[in-house]
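The following briefing is intended to be read alongside the sequence and the coordinates. It is arranged by topic.

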Amino acid sequence: MRRCKPEPLRLQAKKFIPLLAFVVLAGLLFRGLSIDPTELPAARLGQPFPQFSQPELSTGSDISVDALADRPALVNVWATWCYSCRVEHPYLIALAQQGVPIYGLNYKDDSVKAREWLSQLGDPYQLNIVDVEGSVGLDLGVYGAPETYVLDADGVIVHRHVGVLNEEVFQRDFSPWFPLVAAGSATKADRGIE
Amino acid sequence: MSVAKRFVIAVSLCIAVWAASNAWAVIETYEFSSPDLERRYHALSQELRCPKCQNQNIADSNAPIARDLRVVLYEQLEAGATDDEILAFMVARYGEFVRYRPGMDRNTVLLWTAPGLLLVLGAFGFLMHFRRRTSESRAGLTDNEKAEIARLLKEPGA
């Protein structure tokens, strides 16, 4: 007859291996839910904005990387063919009014249409780099529009946002470089709730 | 249905199929200065990944960014760049993501080592399982069990 005796500890622990495997797998899959696979890490982070020599959208004169300001600024990649750019446009205007310097990279666009767009919808940009061929975009690692880059005071790329820029994204990811704007819009938001 | 009508339908079907198959493939013509460059172009465009449409290489993708990268690839090949230089150029702009065979770094170490690790783990598990089975069968019977068998065999009814 087989006697009932407690199983050795090793065997008891073994029973939990499938449970453990399940928990680990479930954890990984759950984390996967909140990861956007279409958002690539920017390869240019920590590097200066690439050199370029392109015309400016409204003046037509050639500009280089020196035209970008020596204080934290945004570079917004946009085009008239890009629907999401139309969605984020009012927010860019609001940011510009709060004193955030925004430079446009008019990416693979028709300059005539682009100028019409700015005269109709308003112009939040300090200037616009015309990039019909997409060569500046390529050097920057752009793979669609809209994209928004944060440059620090030294002109180094410190952040990239892919997709529509809005208040939530700005507060979450951009505020370290624009503390005054972030604080200002926060109080405004508080007032809005009242 | 008249013969003429059938003919018209057949021809229009042919045109539709032809047009559809044209839409699938990326058709571009590049004039290569040597067959070797053409071979390298095909190899690299298969290996470079389209940043926009993630599970396609730039050879298969119709996305504008993939077309741009093909143009860059062609121009750099014709300008005499080596494969490594071209890959470095792409990686500098789009990260290791852009290669289907990324270099080994902190992010890709698991990607590269996981198949080997799993193989070793599987082999180890199989070995353990196999060894336990053979050791169990070799262990033989305890004295109690032998006595039990002897008793059962002696039983008249057995």
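The model is predicted: local features need pLDDT of at least 70 and side-chain atom pairs count only at pLDDT 80 or more, while totals for chains, interfaces and linings use all residues. Residues are numbered from 1 along each chain as its sequence is written, and chains are lettered from A and ligands numbered from 1 in the order in which they are written.

**Strand pairing**

- S6(A) covers residues 147-151; strands (E, at least two residues) and helices (H or I, at least four) are DSSP runs numbered from the N terminus.
- S3 (residues 73-78) of chain A pairs with S6(A) in the antiparallel sense over five bridges, where pairing requires that DSSP find at least two bridges between the strands.
- Within this pair, A:Asn76 stands opposite A:Thr148, and A:Ala73 stands opposite A:Leu151.
- S6(A) is also joined by five bridges to the antiparallel strand S7 (residues 157-162) of chain A, with A:Val150 opposite A:His159.
- S6(A) and S7(A) form a hairpin with five residues between them, and A:Gly155 in the turn has a positive phi of about 80 degrees.
- S3(A) pairs in the parallel sense with S4 (residues 102-107) of chain A over five bridges; A:Leu105 is the bridge partner of A:Val77.
- The chain passes from S3(A) through H3(A) to S4(A) in a right-handed β-α-β crossover, a term that applies if, with the strands pointing away from the viewer, the path from the first strand over the helix to the second runs clockwise.

**Burial of S3**

- Six of the six residues of S3(A) are buried.
- A:Ala73, A:Val75 and A:Val77 lie on one side of S3(A), and A:Leu74, A:Asn76 and A:Trp78 on the other.

**Backbone features in loops**

- Most residues other than glycine have a negative phi, and most peptide bonds are trans.
- A:Lys108, in the loop between S4 and helix H4 (111-121) of chain A, has a positive phi of about 50 degrees although it is not a glycine.
- A:Lys108 counts as buried because it has 20 C-beta neighbours inside 10 Å.
- A cis peptide bond, with omega about -5 degrees, joins A:Ala145 and A:Pro146; A:Pro146 is found in the loop between helix H5 (135-140) and S6 of chain A.

**A:Tyr91 in helix H3**

- A:Tyr91 lies in helix H3 (residues 83-97) of chain A and is partly exposed, with 16 other C-beta atoms within 10 Å.
- Not counting residues up to four places away in sequence, A:Tyr91 touches A:Leu165, A:Asn166 and A:Glu167; contact means C-beta atoms, placed from the backbone, within 7 Å.
- The C-alpha atoms of A:Tyr91 and A:Glu167 are separated by 7.5 Å, although the residues are 76 apart along the chain.

**Contact between the chains**

- Chain B gives 13 residues to the contact and chain A gives twelve.
- On the side of chain B that touches chain A, the elements giving two or more residues are helix H3 (64-78) and helix H4 (83-94) of chain B.

Note on methods. Contact = placed C-beta atoms within 7 Å. Buried ≥ 20, exposed ≤ 12 C-beta atoms within 10 Å, placed from the backbone.
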